[in-house]
Amino acid sequence: MTSAIILRQIAMLATIVVIGLIACRAGVITAITKDFLAKLIFYVTLPAMLFTSFSAIEVTPRLLANSLQALLLAVLIMLFMLFAGWLTTLISGIKGGHASIFRLHSMLGNIIYLGLPVISAQFGQEGLLYGSIFVLVSNILMWTLGVAIITPAGSFSLKSGLRRIFNINTIAIISGFLLFLFSVKLPQFVLETVGTLGKSNTYLSMIFIASVMYFADGRKMHRNRNAYLLSFNRLLLVPFILLGLFILFNLLFPGILRKEVVSVMLMQAAMPCMVNVVIMVNILGEDDGTATSNVFVSTIFSVLTLPLILLSLSLFG
């Protein structure tokens, strides 16, 4: 994909964000409707997009092999990002609840509300397949390892975490992948209704991102110095380290890693901090102000870093 097309796609998404900011400023979107918008995306448009997107892809041995590779890389990448966050907190002397949130946000990015729309725009249906696999892995790690990181010792419940894994989006991914695996095509009526509903997810997600940025207290958010360190790690340092490792692996073992898979995995890894972590931290009794600051600062900087990461993908392969 040429630089001009990449920049055009990013500009289109950025324009929708600007429209969302204007809507917030005009009072069309309020703090209450922002929360409703998040639920609408998470429970309606996102699962509709995930479930129907697989139907447009013809199953082939190449896609099956690539999907398995995406699953393996997603696990390795997220564990590497968690390790990077853990190492940074040790070196920087970040302690207590702030360290837990730092490590959790190091592993979990905004791969649903921002990642999937960007990947859909850049890599199409096949990219969405690999991106959805990353989301599946993220859901599993978030509600098991992620909860264990935040929860005080002795009060972590694996059973409770496992129940949260099987949300509507996980079910949509698994159901859609099974349809893809067995070459089952959805009826045209379903594609024209549920599928069309799912296509609105990108636009609603960008407007939601705008509302998160607008209703955050910017003056308070930027005082969290750890958020800048976290943003540098998430948005630039770790993605470029991963890109370097993939390039080195490709030189040593050419032809094993698929460029389209690596590209999607790196894009998901380069997303700003996950919005849902704010909700998780609040539920578990930690400082959601710190988590909100992480989301705000990293989202602002991602406007500049995501195009850079997209353009850098040409270095692989």
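**Notes on the predicted model**

1. Leaving out residues up to four places away in sequence, I10 touches Q122, P307 and L310, where contact means heavy atoms within 4.5 Å. I10 belongs to helix α1 (residues 3-25); helices (H or I, at least four residues) and strands (E, at least two) are DSSP runs, numbered from the N terminus. With a relative accessibility of 16%, I10 counts as buried; buried means under 20% relative accessible area, exposed over 50%, and partly exposed in between (1.4 Å probe, protein chains only). I10 and V118 lie 108 residues apart in sequence, yet their C-alpha atoms are 7.8 Å apart in space.

2. The model is predicted, so local features need pLDDT of at least 70 and side-chain atom pairs count only at pLDDT 80 or more, while totals for chains, interfaces and linings use all residues. Residues are numbered from 1 along each chain as its sequence is written, and side-chain values use heavy atoms, with hydrogens and water left out.

3. The overall composition is as follows. The protein has 14 helices and 0 strands. Of its 317 residues, 50% are buried. Among contacts with a separation of 6 or more, 87% are between residues 24 or more positions apart.

4. Which residues have the most contacts inside the largest nonpolar core? They are I77, Y113, F246, M265 and M267, in a core of 87 residues. A nonpolar core is a set of buried Ala, Val, Leu, Ile, Met, Phe, Trp, Tyr and Cys residues joined through side-chain atoms within 4.5 Å. Helix α5 (residues 111-150) provides the largest share of this core, 20 residues. F246 touches L73, I77, L257, V262, L266 and F316, with residues up to four places away in sequence not counted. In soluble globular proteins, nonpolar side chains tend to be buried together.

5. Q268 lies in helix α12 (residues 259-269) and is buried, its relative accessible area being 0%. Apart from neighbours within four places in sequence, Q268 is in contact with I111, G115, L116, I119, G131, F134, V135 and R234. C273 is in the loop between α12 and α13 and is likewise buried, with a relative accessible area of 0%. Residues up to four places away in sequence aside, C273 touches H105, L108, G109, N110, L230, R234, N294, V295 and S298.

6. The buried residues of α7 are N169, T170, A172, I173, G176 and F180. Seen down the axis of α7, these buried residues fall within an arc of 160°, so they line one face of the helix; the arc is that of the directions from the helix axis to the C-beta atoms.

7. What is the phi of S183, the residue in the loop between α7 and α8 (188-199)? Although S183 is not a glycine, its phi is positive, about 55°. S183 counts as partly exposed, at 45% relative accessibility.

8. The largest pocket has a volume of about 720 Å³. On a 1 Å grid over the protein atoms alone, a pocket is an open set of points where a 1.4 Å probe fits, with protein on both sides within 12 Å along at least five of seven lines, and lining residues have an atom within 4 Å of a point. Grid points are joined across faces, edges and corners, and a volume is the space filled by probe spheres set on the points. Of the 27 lining residues, the closest to the centre are A38, Y113, V275, N276 and I279. Helices α2 (31-53), α5, α9, α13 (276-283) and α14 (288-312) each supply at least two lining residues, and the largest share, 6 residues, comes from α2.

9. Finally, L304 lies in helix α14 and is exposed, with a relative accessible area of 64%.
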